[in-house]
Amino acid sequence: MLPVAIDVMSGDQQPREYIAGAVHAMRDDAGLRALLVGDSALIESELRASPEGVRARVEVVPTTEVVGMGDSPREAIRRKKNSSMRVAIDLVKEGRACACVSSGNTGALTAMAHFVLKTIPGVERAAIISAIPAAHGHTHMLDLGANTKATPEQLRQFAAMGAIISRDIHGRENPRIGLLNIGEEDIKGHEVVQEAHALLGASGLNYVGFVEGDDIFSGDVDVVVTDGFTGNVALKTMEGAAGLIADRMRREFNASWLDKLAGLVARPVLRRVAAGVDPSRYNGACMVGLGGIVVKSHGRANGVAFSRAVATAALAARRELTAHIAQALQAQPTGR
């Protein structure tokens, strides 16, 4: 059995959504065992309706504290050692869990994960990576929020880890790496991206140069590299745009009886398009570069979306992501 520690208390949703997501993931994966971390009475109450076969694969790990979405990372580390987030990470450190999942405060999760698990050799800072819908299936993008700032060397390290995941975990041969910038010309961008551009050009990676925001979806690159501030803004903008388009289409197809009829005819196509760009399909971003597997779920994820994050953690554990990245980085030239 594959034990995954799941923080069911942190995030914008009620714990019942995260518990439902964990149960959903276990129903889909017979080899998964869940360590549900949080308020034991609440967890037990929510589990009463779960299938007997699933309940047998659940262990409840009681905690008394919760890291709030507004808590500072420093205070979370110092004062909330018995929080569901901290205990879930500790379970990975202790070897009781092979991965952990949380929808909580990104800053606190990043800080706690660095404090408890440390980073692997050759990595200064862990980065959050996820798949983004694109013309050729998906593009991997990092950092999506772990580090609001990044040095040129850290951006090079992000690119190296992104290439490893794209190539060895997702089968992209010699993945193309792009550095996000305000233009594709070599003269564009501030000093950090200019220095990172030079490092990546000498890195031995398949670096294609600067890319702009629309290149994330074009299929012309396999990995897009940026700092966590820019990456998180881009991600939230994508989610907002997807929601706006979906809402606008619903309104237009309900504007008149003729529009409703057109909507009925187009429904199969619209459903396929919606499924392809649905943010919940891509929920669950790995925090790569740590000495253990940590997956960040969207804070507002419902049960179905949260189950995707749990599935992502299980896949990363089965692929031995941490060890694989460490080994691959040792064999990779730095270009320095």
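User: What makes residues count as lining the largest cavity, and which residues are they?

Analyst: On a 1 Å grid over the protein atoms alone, a cavity is a set of points where a 1.4 Å probe fits but cannot get out, and a lining residue has an atom within 4 Å of a point. By that rule I120, C286, M287, V288, G289, L290, G292, I293, V294, L321, T322 and I325 line the largest cavity. Strand 10 (285-288) and helix 13 (321-330) are the elements that give two or more residues to this lining; helices (H or I, at least four residues) and strands (E, at least two) are DSSP runs, numbered from the N terminus. This is a predicted model, in which local features need pLDDT of at least 70 and side-chain atom pairs count only at pLDDT 80 or more, while totals for chains, interfaces and linings use all residues. Residues are numbered from 1 along each chain as its sequence is written, and side-chain values use heavy atoms, with hydrogens and water left out.

User: What is the volume of the largest cavity?

Analyst: The largest cavity has a volume of about 60 Å³, where a volume is the space filled by probe spheres set on grid points, which are joined across faces, edges and corners.

User: Why do strand 3 and strand 8 stand at the edges of the sheet?

Analyst: The open sheet has eleven strands in the order 3-2-1-4-11-10-5-6-9-7-8, with mixed pairing, and two strands pair if DSSP finds at least two bridges between them. Strand 3 (58-62) and strand 8 (207-211) each have a single partner strand, so one side of each is left without a neighbour in the sheet.

User: How do you know that strand 10 pairs with strand 11?

Analyst: Two bridges join strand 10 to strand 11 (residues 294-296), and these strands run antiparallel, with A285 opposite K296 in strand 11.

Key. On a 1 Å grid over the protein atoms alone, a cavity is a set of points where a 1.4 Å probe fits but cannot get out, and a pocket is an open set with protein on both sides within 12 Å along at least five of seven lines; lining residues have an atom within 4 Å of a point.
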